[in-house]
Amino acid sequence: MNTFVRQIFQLSLLLSATLLPPALCAQGPEAGLAAGFASPPDSARPWVCWLWLHGNVTREGITHNLEEMKRKGIGGAMILAAGNTPPGLRFMGEKWREMFAHAVSEANRLGLELSMNIGNWPSGGGQWITPELAAQRVVFSATEVEGIKQFSARLPISESVRTDKAGRVVFYRDIAILAVKKPKLPERPNRDVLPKITVSSSHKDHPLALATDGYLQTYWSSKGARPGDGPSAAFPEWILFEFDEPFSIRSFYIAPAPGRGPERCKLQWSEDGETFKTLQQFVLPPGRPQTLWFPIFSSRIYRLLINSAYDKGSRQKSRNVQIREIALLQEGETHKVVPVPEPIKNLELKSVDKLLDSGNVDLDPYFEQAVSVPGEVQAQLDTTVNLTGKMGKDGSLTWNVPKGHWTIFRFGYTTTDQEVSGCNDGAAGLVLDRLSAEATDRQFQATAEMLVSNKTGEPRGLSPRKALPQDKPGGSPADLSGALKYFNSADCRFGPTNWTPDFQAEFQRRCGYDITPYLPVLAGKIVQQRDISNRFLYDFRRTIGESIAQNHYGRLSDLSHRYGVGYNSTFGGSQPPPVDVLKCLGRSDIPMGEFSATLQTAGKDHRRSSVKQAASAAHIYGKNLVAAEGFTTLGSHRENEPRELKPAADRAFCEGVNRIFMRTFTSSPPEADSQGCEYFAGVHFNPNVTWWEQADAWTDYLARCQFMLMQGRFVADVCRYYGGGVPGVVPPEYVDPDLGPGYDYDVVDDEVILSKMSVRNGRIVLPGGMSYQLLVLPDRRAIELDVLQKIAELVEAGATVVGPRPTATPGLRNWPNCDKEVQKLSRRLWGPCDGKIITEHRCGKGRIVWGEKPRNILKSMGVRPDFVYRSALEDTRLDYIHRSCGDVEIYFVANRRDRWEETDCTFRVAGKAPEVWLPDSGRRVALAVYDFDLVNGGTRIPLRLAPYGSAFVVFRTVPERVRLFSLRRNGRPLFPISKGKVSVLPYIEVLPSKLSNDAFEVRLWVPGRYQL
């Protein structure tokens, strides 16, 4: 210490310390913690996505790649086959399988582990998937028929069905033939005074009466079908109103047909019906109903003269003119019409005919419902006729059509035509039908089974075994041996799909009613009621999602386990797939997500992150590992270096990831040039990057973080039920304003609520060890009856449940009795709660809370925030995650700003000495400066973080040495209150002395008067 600093220290140092009684360190999980942090085991090492691009692999290249992975601290590799030019080894051909066997053998030699994607990444399918086993979609054709008569014709199939060059249908199967009768429109009261109305011309199917019937669903049309047949100044169309007595009018109402209504018009009057004078002339806007006002005028005869019309299909000259409704109105009179009902909102989404736009995780469109209006029902169950048995094999139908207007629907299904993208030679083909166990079996047989079968040259360490009784969806394999540890399915290219050959039987089994009479909903018809149609669509999507969870993800898990190999699925990308993602990930031995290299570290969450749902799935289904494909990007790849990647990795760690698969390590033979072979997506990480020789520091950092985050269990105070229904996805982790910072959460699905949740000492617990203070329900009024029944059991046993009172079920299973049961049960649980004046109701040992924020509820329960930080800088942003391992508490804290931060952090841990463990260096620092919050049961420490820096704060021993709880410089506190401006060097560092428990090592970097 120089003389100047020593003098400052001697003159101004006032030592104030508190001695705490020593205690024995807790034995158990912490014993190997320090050693594992200093030198992480292979199990904590990051993995890579090992891309076999274009089949461009050789024995020498495989050996070189694996040896380099081992040399630079990689623990394993997931083999992904992709790319189609230039052609290399044929996917799953004999040579390709030989290369795979060599990779397994070399990985065994080097102590590396492997995972193999089932199929050509990133889509599931291939040339072995026939149209019968490919992803399917519902299609239909509609034929209009008027009764009474005999109909005899061949029903067409949907024009969207693909045909070959010869015009032959590639693949199509019928589902059902339904005749839907057009319901009668509701009656409406007649007006007191009605004129005689005549018109210049009318189309035979759209007479003038349809413009004065009070229904906006119907319309009058003038004659004309060709451009130029419509009204003009030389040849106008007109509508004449003739009253018995003079009729005083104050306004004129007109509702044009959209895109075909009047444009230039005159409202005229006449005394004799021969000579007309203009009362008002006007230009109508296209498509919008108008009420035109003028001074009260009286006449016996009026005429609307139409000199031109709009026509979207013929912009130069109109073909005709169309009016939905027209009326002359007296003073104070309004024209009451039955409005045109809105179509089913977002039908394409609700019927899984398309998916949400990329990056959109807002599921509200699936629950939006238009307001019901009279006359909106377009099909009644009791008048819908099933004609399926009457149609011949050639599509011909003979039917005696009853009275009325009928629409004959021919429903069928065909392939979605989605093909495997960017595939190797030999892997091109259709995407498989994930709703079908048969299609899943075929995919597994053509890929995974080919690799482990004795018939194809069994790789070392693999031994096929028969199915074991304990094999269950989501369970662990009974035996894992050799380097090949997992089969993987990557589902970032899912695509819309909504049918499978046995879907009708599956729907009946899962929903309890026949799907057939509701099929017109898929054609856009409102069946029975609008609400009923939306409920059916809920059941329709749920059946799709449950079928995929069971017949694809659960099936792949079972098939993998039969061969002693684990299974993990990846849900990445940015389009919510038509599944309950948590349920599907729960079938994985390692739930896996994806995150981008360009995740924002400030501001709102970046869209390209699907990590929180993988973490939640792991926590609620009792899995320790949470994986994620890391650093996906479509921008520049080679320029990215660890400093730029670290913020995204830290963000993923804070969301729950503890095994990163770096994307991408592209396989490059040794003879390739310095650029190597690379894929267009992902950040390059292989021996071709310029910083490869320094890569150990990066992989060591990741390994230390992952080792620590594999310890114990995740700590969360809240579990959120994201509601039943498909799709079910978890958005990126965010700070909910109702929960606020400092509390963490998991998201839970109905399967876990129903089969795994119980209550112990007021906490909601799961078999895997997770526990929560609160169960928070979604802000919806519909809930499945069985879920509400289980919630009632939890509340009776002592749980605190937060959310609004449900009033209905979302589907039609056992409807309407199910709604009555929900209302009866919710009355008992919610009691007098209204969410405003009365916000809590106790039931049994537990309670329901409605209208209070979860943060306030937790505080009222004495549950303080798990992590709180303070800084003099308002825009400081720290992120964190907490894991508990026996008597050891582990916090990971990350700086999400590109600047130094000086913060004052409080952790919800009492009675233990804090240590800061630095994952970039492996250094562990015991703290001499900290304070206990005896009132709130927390520990406060000063935490200094570099730009995008991170640290573990570990609590594992009872304090044995003197601590300092205050630091001041020139009379101003440095701790417990942080300063404003932060420099690269600290003002002061105080460390425990290595010589004595009651001494300190002090390093002063900036002159001043210090008090300790």
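Let's start with the buried residues of helix 13: Ala 695, Trp 698, Thr 699, Tyr 701, Leu 702, Ala 703, Arg 704, Cys 705, Gln 706, Phe 707, Met 708 and Leu 709. That makes 12 of the helix's 15 residues, so helix 13 is mostly covered, with buried meaning under 20% relative accessible area. Keep in mind that this is a predicted model. The geometry of helix 13 (residues 695-709) checks out too: at 1.5 Å a residue it should span 21 Å, and that agrees with its end C-alpha atoms, which sit 21 Å apart.

Phe 631 in turn takes us to the largest nonpolar core, which has 204 residues. Together with Trp 50, Phe 536 and Leu 775, Phe 631 touches the most other members. Helix 9 (residues 530-562) is the top contributor to this core, giving 10 residues. Another core lies apart from it, with 25 residues, among them Phe 241, Trp 269, Tyr 302 and Leu 304.

The largest pocket holds about 1300 Å³. It is lined by 48 residues, and Val 916, Leu 918, Arg 923, Arg 944 and Glu 989 are the closest to its centre. Strand 43 (residues 988-992) gives the most to the lining, with 5 residues. Sorted by class, that lining has 28 nonpolar, 14 charged and 6 polar residues.

Terms used
Residues are numbered from 1 along each chain as its sequence is written. This is a predicted model: local features need pLDDT of at least 70, side-chain atom pairs count only at pLDDT 80 or more; totals for chains, interfaces and linings use all residues. Side-chain values use heavy atoms; hydrogens and water are left out. On a 1 Å grid over the protein atoms alone, a cavity is a set of points where a 1.4 Å probe fits but cannot get out, and a pocket is an open set with protein on both sides within 12 Å along at least five of seven lines; lining residues have an atom within 4 Å of a point. Grid points are joined across faces, edges and corners, and a volume is the space filled by probe spheres set on the points. Helices (H or I, at least four residues) and strands (E, at least two) are DSSP runs, numbered from the N terminus. Ala, Val, Leu, Ile, Met, Phe, Trp, Tyr, Cys and Pro count as nonpolar, Asp, Glu, Lys and Arg as charged, and the others, Gly among them, as polar. A nonpolar core is a set of buried Ala, Val, Leu, Ile, Met, Phe, Trp, Tyr and Cys residues joined through side-chain atoms within 4.5 Å. Buried means under 20% relative accessible area, exposed over 50%, partly exposed in between (1.4 Å probe, protein chains only). The expected span of a helix is 1.5 Å times one less than its number of residues.
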